[in-house]
Amino acid sequence: MLRLTDGPIAMVSCASLNYYHKCDECLDEATCGIKQTFIGIRDASLKILTEKSIADLIKKDGALERDLLFQASEVGPV
């Protein structure tokens with residue numbers, strides 16, 4: 001879903017799974033530390049994103065809204 005709305009998950013094109021493009025300034029992708037670092041970031045992001053559903057996000061937002069309303073009711077009118 002995120003890819004459809006926001007595009008690539010990877011922060012740099014050379015680390016993207018679906019939108020790959022070699023960086024113009026890169027001399028050797030096989031030894032590029034930047035690429036390897038951003039592949040790790042991409043993989044960690046994908047792991048987190050695949051473990052969450054839209055229902056999880058809605059449930060979390062609902063709990064936050066309830067907490068804020070409860071806190072406001074304790075304070076009373078301002």
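Me: In which helix is lysine 35 found?
Reply: This is a predicted model. Its chain has three helices and zero strands. Along the sequence the pattern reads α-α-α. Lysine 35 is found in the helix spanning residues 33–50, H2.

Me: Is lysine 35 buried or exposed?
Reply: The relative accessible area of lysine 35 is 14%. Buried means under 20%. Lysine 35 therefore counts as buried.

Me: Which residues does lysine 35 touch, leaving aside those up to four places away in sequence?
Reply: Contact here means heavy atoms within 4.5 Å. Residues up to four places away in sequence are not counted. That leaves Cys14, Ala15, Tyr20 and Glu29.

Me: With which residue does lysine 35 form a salt bridge?
Reply: The closest N and O atoms of the pair are 3.5 Å apart. The cut-off for a salt bridge is 4 Å. Both residues of the pair are buried. The partner of lysine 35 is glutamate 29.

Me: Is isoleucine 34 buried or exposed?
Reply: Isoleucine 34 is found in helix H2. Its relative accessible area is 55%. Exposed means over 50%, so isoleucine 34 is exposed.

Me: What separates the C-alpha atoms of isoleucine 34 and alanine 15?
Reply: The two residues lie 19 residues apart along the chain. Alanine 15 is also among the residues that lysine 35 touches. The C-alpha separation between isoleucine 34 and alanine 15 is 9.2 Å.

Me: How many salt bridges does a search of the whole structure find?
Reply: One joins lysine 35 and glutamate 29. Another joins arginine 42 and aspartate 43. Glutamate 51 and lysine 47 also meet in one. The search finds three.

Me: How far apart are the closest N and O atoms of arginine 42 and aspartate 43?
Reply: Arginine 42 counts as buried, at 10% relative accessibility. Aspartate 43 is partly exposed, with a relative accessible area of 37%. Their salt bridge has its closest N and O atoms at 2.7 Å.

Me: Are glutamate 51 and lysine 47 buried or exposed?
Reply: Their side chains meet in a salt bridge. The N to O distance is 2.6 Å. Both glutamate 51 and lysine 47 are exposed.

Me: What share of the chain's residues count as buried?
Reply: The chain has 78 residues. It exposes about 6,400 Å², and carbon and sulfur atoms supply 63% of that area. Lysine 35 is one of the buried residues. The buried share is 19%.

Conventions: Residues are numbered from 1 along each chain as its sequence is written. This is a predicted model: local features need pLDDT of at least 70, side-chain atom pairs count only at pLDDT 80 or more; totals for chains, interfaces and linings use all residues. Side-chain values use heavy atoms; hydrogens and water are left out. Helices (H or I, at least four residues) and strands (E, at least two) are DSSP runs, numbered from the N terminus. Buried means under 20% relative accessible area, exposed over 50%, partly exposed in between (1.4 Å probe, protein chains only). Accessible areas come from the Shrake-Rupley method with a 1.4 Å probe; for residues, only the protein chains shown count as cover.
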